[in-house]
Amino acid sequence: MVDFKAISSEAFPTNFLWGGATAANQLEGAWRKDGKGPSIADALPGGKQRLTFASSKDFNGQIDEKRYQYPNHRGIEHYQRFKEDIKLFAEMGFKCYRFSIAWSRIFPQGDEIEPNEAGLKFYDQLIDECLKYQIEPVITISHYELPLNLVKNYGGWKNRQLITFYERFAKVVLQRYKQKVRYWMTFNEINSAFHFPIMSQGLMPSNGSNDYTNIFQAWHNQFVASALAVKFGHQVNLNLQIGCMILYATSYAVDANPKNQWANLKQIQDFNFFCTDVQVRGEYPASTARIFHDYQVDSQRLKITEQDLQLLKKYPVDYIGFSYYMSSVTDVTHQDTVKSAGNLIGGVSNQFLQTSDWGWQIDPTGLRIALNELYGRYQKPLFIVENGLGAFDKLTTDHKIHDNYRIDYLKKHIHAMAKAVADGVNLMGYTPWGCIDLVSASTGQMSKRYGFIYVDLDDNGKGSLQRIPKDSFYWYQKVIESNGKGV
Ligand code: BG6
């Protein structure tokens, strides 16, 4: 007789990948160095309204340094200081480090035939520096960093030519790092285009971001591109693990009214599962017709070939990477509900939850639910590649940061993960977001800090850039050392 109770344990596996996560455009800086071309992120000015502005008709992708500030251009100068930063990650005991490769460092305009060797040299060094400390690199191939030329002159991902450009880029990096890097992800938060197609698909109003047919076409092209990367990755090294990456938002109906329950189920099918179903199961889900109808997608205009569908079926991803910051609430029956804020999502305010300084609803149990839902549906290994608390930090006169609020947030989420592991979920690892303070994606602020390491830089670009470990740095060190027991 199998004793199922004995199998259940909250212990993390011994090879659990504890680490941290960043994205090139948010920390490297050096936006024009060594031949790098501009990316969409380089064209987004700082400020709380950056995403609203980027989705408006006023945004045309021009970089106007006289009028706006562009915090991504400098980042935290990780390009120059990566050795110091990786050393600090090693001190925390990182088993892995998730970062992205800036596409426009390798192909400055996105459409060249030959890669930029100087750009590749930087990643050669970065990867070697990680390996020097036995830190396993985890690479996102594309993280909101589409070369600007592909946005302005090709119309972003709705243009099928981008599949060829991405394939070329992915092949160069997979080929070059196939013996050094085992874990990859094809696109960051691919489903985020439901709300802001500018960052992940390069669709602005002038190239049709207000028409869902374009967004779904862009997704299809990205699905094909992702499958081609999986195909090539496995060809060059069968051990490579290539995952998708979605923004997962646990979603609750506001009450037991079947109308709210149904609306909530649709929200989950559309936002959490549509892209994931295609990338993991290799097929468009049964809900596709309903979704196309709801978003008024003109399927006659979509270009999806039989050959594409075969490719998707043949090359699904190996694991599911996802970000989790908050949950949301669906309410379609009350008129005057209070709205909550969110990174790319939002929703109705949940009276049972507290919020972050930026109004994001904190919900560790929502993470346990997410893990159970994802694993129950797909039975593929899961990797939490982003989670964390964006907060204002205060540097004390004796150069310390007492971020007990961050420790509290992470602690509760790690407890929820442990419970999910005992629930039977196959969880590979955990890389909290912005392990070193960096530029916020949704607001361009430096003051929205996630890191275990403080970076002395303010929203106006002033500061010494000095790196200072916060209290959470020493706490996380213990968490890793004890494989999650010392939380
Ligand atoms: C995710 C992105 O949406 O959330 C990251 O993948 C981003 O790039 C992170 O930085 C946190 O969001 P924000 O807006 O607080 O930086």
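## Ligand contacts

In this predicted model, an N or O atom in the side chain of His143 is 2.9 Å from an oxygen atom of the ligand, a polar contact being a pair of N or O atoms within 3.5 Å. Glu189 places a polar side-chain atom 2.7 Å from a ligand oxygen atom, and for Ser440 the corresponding distance to an oxygen atom of the ligand is 3.2 Å. The ligand taken alone exposes 380 Å², of which the protein buries 99%, with accessible areas from the Shrake-Rupley method and a 1.4 Å probe.

Around the ligand stand 15 residues, Gln26, Glu189, Ala441, Ser442 and Tyr450 coming nearest, where a residue is near if one of its heavy atoms lies within 4 Å. This shell divides into 6 nonpolar, 6 polar and 3 charged residues.

## Barrel and helices

A barrel is closed by 8 strands in the order S1-S2-S3-S4-S5-S7-S13-S14, with parallel pairing; strands are DSSP runs of E with at least two residues, and two of them pair if DSSP finds at least two bridges between them. From one strand to the next the twist averages 30°, angles running from 0 to 180 degrees between N-to-C directions of axes fitted to C-alpha atoms.

Helix H6 (residues 117-132) packs on the sheet and touches strands S2 (96-100) and S3, its direction making about 165° with that of S2, where contact means heavy atoms within 4.5 Å and helices are DSSP runs of H or I with at least four residues. Strands S3 (residues 136-142) and S4 (residues 183-187) run parallel and are joined by 4 bridges, and Thr140 has Met185 in S4 as its bridge partner.

## Basis of the values

Local features need pLDDT of at least 70 and side-chain atom pairs count only at pLDDT 80 or more, whereas totals for chains, interfaces and linings use all residues. Residues are numbered from 1 along each chain as its sequence is written, and side-chain values use heavy atoms, with hydrogens and water left out.

Notes: A polar contact is a pair of N or O atoms within 3.5 Å; within protein, one must be able to donate a hydrogen and the other to accept it, and residues adjacent in sequence count only if both atoms are side-chain atoms. Ala, Val, Leu, Ile, Met, Phe, Trp, Tyr, Cys and Pro count as nonpolar, Asp, Glu, Lys and Arg as charged, and the others, Gly among them, as polar.
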